[in-house]
Amino acid sequence: MSALTASAVRPRTAAGRRRRASRWALGALGLVTALVWAFPVYWMMLSAVTPQAWLRATTPQFLPVHATASNFQAVLDGHSFWTALRMSLSITGVAVAAVLVFAFFAALAISRWRFRGRKGFVLAVLFVQMLPAEGLFIAQYKMLSSAQLLNTVIGVSVLYTAAIVPFTVWMLRGFVAGIPAELEEAAMVDGLSRTRAFLRITFPLLAPGLVAAGVYAFLQAWNEFTVALVALPAESAQTLPLWLRGFLAASANRGVDWGQVMAASTLIALPVIVFFMIVQGRMTSGLVSGAVKG
Amino acid sequence: MTTPVTAGSTGADLAHPATAPTATPRRRRTPATPYLLLAPAVAVLLLGMGYPVYWQIITSLQEYGLAQQFGQPPTFVGLDNYARIFGSADLWAVVLRSIAFCLVNAFVTVGIGLAFALLMRAVHPAIKVALQVCLLLAWAMPMVAAVTVFRWLFDYRTGVVNWLLVQVGFTGYEGYSWFSQPLTFFFVATLIIVWMSVPFVALSVFAGLTQVPDEILEAARIDGAGPAQILRRILLPMVRPVLSIVLLLQIIWDLRVFAQIRLLQDAGAPVSQTNLLGNFIYELGVGRQDFAGAAAVSIFVLLLTVVLSAPYVRSLMKEEVA
């Protein structure tokens, strides 16, 4: 007690100065950490606009003083990028559409009905979403190869859909459960049919949930590497992540042109980063509550 | 840990106020409807995950060598494949390496993530926002692009890391090749994984910290608790549930690291000394066409995942029942 009063009453100046100094130190530490963490992304974009000659210089340039678009031009002039982009877009499109429909139906079933096998399904979904691709991809490879579906959009899309559906079901379940069934029933009392009540009342309320689930599915399918590696062995069937790996390997044969490789990386990363930043509010809001997957 | 991309879960927030209404099921509809609604999801899961698991169980119990590749029917050999694979020192070296790598990465990630969360709580709001934006940048980076950038940062000839080390006086790093030795190879791999995973941990823990009511902190301060005491006696105990969940998730995710290693090995690393479990399976199956052996290791990995995931799944189920 006496210690407490002593410290509280002690001349404000010394303690205050110390506290202010430590606040400054912490602020500086925070700023430095932020810069260090962002540095790889900055370095990628900077190298992407730097001419090869400057990247080979003994002293690196830390500011974009010689900016050029030639690296991007070189990457975009090749056919391989556009083929890979088309492949990525098709696979992601099919997978996102299938995931949304399948997961939405399943989420509706488990949050609006109590039926036998419901708990088993939820338990299975939760365990399946934890299973690593690395523990399944050999079998998935054999399965696709015996069905003649290697290097096809449909083959990989099925695998992606299966991998993404479980978490999406769990995510959408929360959204559906958040909309009381009474709302719909009230609309029916007012004379709407069950289908129209659902379409007019429940569905619009679910839109944010569906958007969040769609974004999640998009990012998963767009960035996926492991399953694509085994399911799309042909060069002509590569998705963008596989293409980037191939681009670096091809460049390595003639002493890596890092400017072009970084331009290629930027082309893949930038849309995802922009997209991610737009939806990040949604992503960081409920992280603690358990429904998370990396 | 695969791609560190997380779509959020505002759904879980919404779920709580609504648990009461959902507890009263509708009875008017035919009981067939929920099953029909589940059918597509169940079908795709059976096809994409169920069948592969079944195939792996069967294959791991069969002789599946080159003769079977050419059409001979496989023969049942019981647990021979398991005995063969788990009797080899190769596998155990990989298992130990994977476990060590996983634990180091998970603890380092959670440690740094916790430190970041505490830092964000302590600094000026503007700096906090800067930190958050930079963390999101790292989180949003597609994994393949991130590994490619780190290969450039650590390039032996013109990489900026070697240049910096030489500038501050470590002249031995002139032209140093990080990827040709297992120890430095795994150091860079750890940097990549920690860099990519810290944002999730930091933002989750920070969200946990903001839930600590101000009155409690106020009361502690009035009672004369210093910053260190507040941290140890109030903040840490209150974020412990979040910390243990993110640690568990990191352990599960870091045990399955495959792609980062595979991509770094392209830089000319000694493959057999840098393989983790996923890479070992890939090499057995795709490389050596030993599908029975690969299936046996896969089953081991799946079982390990299920055992490790059980506490996490249990905590989610509790939320579901509530």
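# A walk through a two-chain model

From the N terminus on, the elements of chain A run α-α-α-α-α-α-α-α-α-α-α-α-α. That pattern amounts to 13 helices and zero strands. Before we go further, please keep in mind that what you see is a predicted model. The prediction as a whole scores ipTM 0.87 and pTM 0.87.

Let us stay with chain A and look at its overall form. Its C-alpha trace spans about 75 × 70 × 40 Å along the principal axes. The radius of gyration of chain A is 26 Å, whereas a compact globule of 294 residues would have one near 19 Å. Of those 294 residues, 47% count as buried. Contacts also reach across the sequence of chain A: among those between residues at least 6 apart, 75% join residues at least 24 apart.

Chain A can be read in two parts, with domain 1 covering residues 11-70 and domain 2 covering residues 75-289. The C-alpha centres of domain 1 of chain A and domain 2 of chain A lie 34 Å apart. Where the two domains touch, domain 1 of chain A gives eight residues and domain 2 of chain A gives eight residues. On the domain 1 side, the elements that give two or more residues are α2 (12-48) and α3 (52-55) of chain A.

How confident is the predictor about chain A? The mean pLDDT of chain A is 87, and 91% of its residues reach 70 or more.

Now turn to chain B. Here you will find 16 helices and two strands. Buried residues make up 44% of the 322 residues in chain B. Of the contacts in chain B between residues at least 6 apart in sequence, 70% join residues at least 24 apart. The mean pLDDT of chain B is 87, with 89% of its residues reaching 70 or more.

How do the chains meet? In the model, 105 residues of chain A are in contact with 102 residues of chain B. Helix α13 (residues 258-285) of chain A gives the largest share of the side of chain A that touches chain B, namely 15 residues. By class, this side of chain A has 73 nonpolar, 22 polar and 10 charged residues.

Start with B:Ala202, which sits in helix α10 (residues 182-210) of chain B. Is B:Ala202 buried or exposed? B:Ala202 is buried, because 27 other C-beta atoms lie within 10 Å and 20 or more are enough to count as buried. Leaving aside neighbours within four places in sequence, B:Ala202 is in contact with B:Gly113, B:Phe116, B:Ala117 and B:Leu135. By contrast, B:Ala202 and B:Arg84 are 43 Å apart in space, C-alpha to C-alpha, and 118 residues apart in sequence.

Most residues other than glycine have a negative phi. A:Asn151 is not a glycine, yet it has a positive phi of about 65°. You can find A:Asn151 in the loop between α7 (137-146) and α8 (153-177) of chain A. With 18 other C-beta atoms within 10 Å, A:Asn151 is partly exposed. In chain B, B:Gln289 has a positive phi of about 60° although it is not a glycine. B:Gln289 lies in the loop between α15 (277-287) and α16 (291-321) of chain B. B:Gln289 counts as partly exposed, with 14 C-beta neighbours inside 10 Å.

Notes
Residues numbered from 1 in each chain as written. Chains lettered and ligands numbered in written order. Predicted model: local features only at pLDDT ≥ 70, side-chain atom pairs only at ≥ 80, totals over all residues. Helix = DSSP H or I, 4+ residues; strand = E, 2+ residues; numbered from the N terminus. Buried ≥ 20, exposed ≤ 12 C-beta atoms within 10 Å, placed from the backbone. Contact = placed C-beta atoms within 7 Å. Nonpolar A, V, L, I, M, F, W, Y, C, P; charged D, E, K, R; others polar. Rg over C-alpha atoms; globule rule 2.2 N^0.38 Å. Domains from an automatic or database assignment. pLDDT = per-residue confidence, 0-100.
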